[in-house]
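Take a look at the sequence and the structure, then read on.

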Amino acid sequence: MAKLEARNIVKYFTHESHRLQALGGVNLKVESGDFVCLVGPSGCGKSTFLRIVAGLEEPDGGQILFDGRPVTGTGPSRIMVFQEGALFPWLTVRDNVEFGLKIAGIPPDKRADISERYLDMMQLTKFAGSYTHQLSTGMKQRVAIARALVMDPDVLLMDEPFAALDAQTRDLLLIETQLMWTRTKKTILFVTHNVVEAAVLGTRVAVFSNRPSTIKRELENNFPRPRVSEDEKLMPFQHEILQELRPEVKKSRAGPEYGRAGSESGGGKGGRP
Amino acid sequence: MVIATAARKNYAPHKIAFYVGLVVVWQLVAMVDVWPDNIFPSPYDVGEDLVYGASNGSLFYGFATSMWRLAVGLAISIVGGIILGIFMARVEVVNQTAGSLVLGLQSIPSIAWVPLGILWFGLTDAGIIFVIAIGAVFAVTINTYTGVKNIQPYYIEAARNMGASGGKLVTNVLLPAAFPYMITGFKQGWAFAWRGVIGAELLFSYLGLGYMLYVGRSLNDISSIVAIMLVIMAVGLVIDSVVFKKLENKVMARWGLR
């Protein structure tokens, strides 16, 4: 049985009085321990799909099955790492990492034990007492990942977590994320618009079509790890992804909704209040 | 940069010179005897009254009475304002109904509640505390509401995703995330409360610094009136610059807002 299954997920957006279909029946099966990267043209709804999996948004049709059972609402079994990090500025790095444990009612000494382990894994021990504004963007994303891992989620959902990083920091985090995955054996769904990122990270890459989006093709990636972004042997795989992606990007730019929606991200984030 | 230099320059000598000059001019005007002493007191007379009031304890007693009432009234308004503000921000029907009333009530000056306070509670501490609390509560409410409304939605989403809901969401996310706005509410609330307590004490004529002003007026004791006004001003300055500035700086520094 699949760890996570999306069955025919449909989602509409209302944008300035016209309705457009973002997701046109997305089907995806994720086995335990999979690292699935979702790529697609900007505004295709891949982030929305991830938010639906997280239970932060309701689909207009279809079902999310978790260990074979349908789930609604959000919860710590599917933890999201947000694009912006969404760290709490009023808490120290340590308190941010321990947040979910505190909510779960775990006593302080046990919280400290757990957070210590993940602070160490993400190389944050030195910064445990800092507030988030004192950290670089890369450090913030490390904290966000540690905060998610602490919850020991069955599925880790990552929404373009490295989009705002400079190239060097991103390369570093790509390697660390692979290490984290091999160490924790987490099931990961990772949204990105960056083909290199998808090729480096994923055991599988699912390519979204233009709106109304479906998963157009899934590509297996059994390349040995750790992979690095400049590895030439990964290039053919990247090309393969690009070949699927390019016509969709073209369509998304030519599409009638594009001009009216006003911005590329209008579809992808339109559901956010 | 011009602004930076202006901020860095030390104006303490100018300040001292200004206040010394002010007192000297005041003393000179009083000595010229344009107005009689019972209309225009000299700084010396006022100083004498301050020393006298401090030595016989009446100023401290008055101060303590006013502060005690203020503390109770402000505490009630802060607790009530936070609860009401959160409900308004999170439950739209509360906002549309009670929220619209809050906007109206907020425009009523504290002092206008005095007649109601007297009729409902009599000339008691409770009446004065009522005036303070109701005068300050809506400033706290509105700022808490604004603070909660301005919380980045992904803070709340992340917290819900990590299992926070209900009371845990309020105490662990909504309150701390809205706190920078709430401080503004506390500051406004304190300012209304401080004006409210002095005004209410004047009209209730029942102990406290405001009552002492009233006594001064009845006795034509103008130097004691000015002395008490100086105390009221000093308390206001100290609370603003010590309590609220410190709180604000601490929160701003933690959030990295400065």
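In this predicted model, the buried residues of helix α8 of chain B are Y155(B), I156(B), E157(B), A158(B), A159(B), R160(B) and N161(B). "Buried" takes 20 or more other C-beta atoms within 10 Å of a residue's own, with those atoms placed from the backbone. Chains are lettered from A and ligands numbered from 1 in the order written, and residues count from 1 along each chain's sequence. Since the model is predicted, local features need pLDDT of at least 70 and side-chain atom pairs 80 or more, while totals for chains, interfaces and linings use all residues.

**Helix α8 of chain B**
- After α8(B) comes G163(B), with a positive phi near 100 degrees.
- Helices here are DSSP runs of H or I with at least four residues, strands are E runs of at least two, and both are numbered from the N terminus.

**Where the chains meet**
- 23 residues of chain A are in contact with 18 of chain B, meaning C-beta atoms, placed from the backbone, within 7 Å.
- On chain A's side, β6 (78–81) and α2 (93–103) are the elements giving two or more residues.
- The largest share, 3 residues, comes from α2(A).

**A hairpin in chain A**
- Strands β9 (204–208) and β10 (215–220) of chain A pair in the antiparallel sense over 5 bridges; pairing takes at least two DSSP bridges.
- They form a hairpin with 6 residues between them.
- F208(A) has I215(A) in β10(A) as its bridge partner.

Conventions: Contact = placed C-beta atoms within 7 Å. Buried ≥ 20, exposed ≤ 12 C-beta atoms within 10 Å, placed from the backbone.
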